[in-house]
Amino acid sequence: MSATELLALGAADLAARVAGGRATAADVARDVAMLRERDRLGRDGLNAVVHHDDAAVAADAAAVDALVRDGTAGPLAGVPVAVKDNIATLAMPTTCGSRILEGYVSPYEATAVARLRAAGALIVAKTNMDEFAMGSSTEFSAYGPARNPVDPGRVPGGSSGGSAAAVAAGLVPIALGSETGGSVRQPAAFCGVVGVKPTYGRVSRYGLVAFASSLDAVAVFGRTVDDAALGTEVISGRDPHDATSADVPVPRFRDAADGALAGLVVGVPREFFPDSLDPRLRALCDRALDAMRDAGATVREVSLPHTAYAIPTYYIIAPAEASSNLARFDGVRYGLRLEGHGLRDMYEQTRSRGFGAEVTRRVLLGTYVLSAGYYDAYYRKALDVRACIAADYRRVFADGVDVLFTPTTPSPAFPFGAKSDPYEMYLSDIFTVTANLAGIPAMSQPIGRLDGLPVGGQFLAAHFDESTMFRAAFGLERALGPEAHR
């Protein structure tokens, strides 16, 4: 089997092949390195991969092969996984796509990464991202922009664009990203792959560099729904290192593939289908809904009346939390340090040179809304609206809706430089931020193409009901078949 054929296998099939002795983890490690260079996924090409350590991967592969010989291989034996550059790993730098952390290697590993390793996965790369996860296009990276494998002249989405590109390019079947307002679902839609944001608390945030702590989540890309379900299942569960991780059972998400769509109630929120939505994108969503109806699902219109306030609410809460979280990057403890005339000047020099324009913009905005005289006018009011948005979702799910279906983004991937106005860029997340504000699970999967560019459809479910969300996703994937990529 050629390198391309081996890496084209789904995660479960690849793990079964390695566990059954029909391939080795060493084969996988070699093939990943070959494909990365051949297809130029590094900084000389798609710029999806910013760090790799082939020697460390080879050593990990040898350890996995030893477990296979002992009959103790895990469910991801030999499966290559890429990890976003803001998730801590021991073998490669964790720099958050920023000059201020250039060369920084974490002394500990994120829980999600440790669980992947325990399952037999090979952590083969760290991927490009918008600096400190602040962006919707992966144009705001100190390493330069990542490129979309479908059309290298367009963005892969963000902030987890490098991970999305690595999956779409065939380097890995599973990748980790982080979600604060759609940073996995939006690039998944742009690159034609699956992206899953679990319920807040389902996956430990230990080892994820904080952007907005009440919104952040470690999330999963997969080439297929099955890949994403397997990856999500492996990394989920209570973690004593993270007080916000929930002590709730972790179902076998892949078992949802056996569930039919018959009897499923799919809600369609009218606020996510405005008159301004591209009619061709609406037609693809209608096709997906028709496929679900034909498979036995019930589709009904619902309302989420506070959706209109989601973007301004998000862009008050997230920068406010970011301004607090990023205060630690001051040149004293780790990362970049530029000398100045005294302590204050050292802070100013380090942070001014270390942070890019978008991070600076959001830190300034967050500091402003938390300042005396403005906290009640902006931040407290945003928290009240956030509660209203969450209440909208609770009401809809309590009224008998199993999942909601919406477009993931208002458009396909856009060309580099097309959105120079920050507010216009922020609107790329208009359909995704509410899930983070409400803390509910959500995912994007391919539903078709416009002008050759992938389009994603989004499912949202009630808190900790990922199983129903995956049931819907598996059903839609089956119902659309190859049409999901046409």
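Mentor: We can go through the sheet, the cores and the salt bridges in turn.

Mentor: This is a predicted model, where local features need pLDDT of at least 70, side-chain atom pairs count only at pLDDT 80 or more, and totals for chains, interfaces and linings use all residues. Residues are numbered from 1 along each chain as its sequence is written, and side-chain values use heavy atoms, with hydrogens and water left out.

Trainee: Sheet, then. In what order do the eleven strands come?

Mentor: The order is S1-S3-S2-S4-S6-S5-S10-S11-S9-S7-S8, in an open sheet with mixed pairing. Strands here are DSSP E runs of at least two residues, helices are H or I runs of at least four, and both are numbered from the N terminus. Two strands pair if DSSP finds at least two bridges between them.

Trainee: Which are the edge strands?

Mentor: Strand S1 (49–51) and strand S8 (298–302), each of which pairs on one side only. From one strand to the next, the twist averages 35 degrees. Axes for such angles are lines fitted to C-alpha atoms, for helices over the stretch in contact, and angles run from 0 to 180 degrees between N-to-C directions.

Trainee: How does S7 run relative to S8, parallel or antiparallel?

Mentor: Parallel, with five bridges joining strand S7 (residues 265–269) to S8. Gly267 stands opposite Arg300 of S8, and Pro269 has Val302 as its bridge partner. Together with helix H9 (residues 279–294), S7 and S8 make a right-handed β-α-β unit. Right-handed means that, with the strands pointing away from the viewer, the path from the first strand over the helix to the second runs clockwise.

Trainee: Which strands does helix H3 lie across?

Mentor: Helix H3 (residues 25–38) lies across S1, strand S2 (80–84) and strand S3 (122–127), at about 20 degrees to S3.

Trainee: New topic. Which residues touch the most other members in the largest nonpolar core?

Mentor: Phe132, Tyr393, Phe405 and Phe459, out of 85 residues. Helix H10 (residues 310–325) gives the largest share of this core, nine residues. A nonpolar core is a set of buried Ala, Val, Leu, Ile, Met, Phe, Trp, Tyr and Cys residues joined through side-chain atoms within 4.5 Å. Buried means under 20% relative accessible area, exposed over 50%, partly exposed in between (1.4 Å probe, protein chains only).

Trainee: And what is Phe459 in contact with?

Mentor: Leaving aside neighbours within four places in sequence, its contacts (heavy atoms within 4.5 Å) include Met292, Phe405, Pro441 and Leu476. Another core, of 60 residues, lies apart from the largest one, and Ala11 and Ile174 are among its members.

Trainee: How many salt bridges are there?

Mentor: The count is 26, taking a side-chain nitrogen of Lys or Arg within 4 Å of a carboxyl oxygen of Asp or Glu. One of them joins Glu466 and Arg202 at 2.9 Å, N to O. That pair is 264 residues apart, with Glu466 in helix H16 (residues 466–480) and Arg202 in the loop between strand S5 (194–197) and strand S6 (217–222).

Trainee: Why does Glu466 count as buried?

Mentor: Because its relative accessibility is 0%. Arg202 is buried too, at 2%.

Trainee: What about Arg361 and Glu358?

Mentor: Their side chains meet in a salt bridge at 2.2 Å, N to O. They are about one helical turn apart because three residues separate them in helix H12 (residues 357–370). Arg361 is partly exposed, at 35%, while Glu358 is buried, at 4%.
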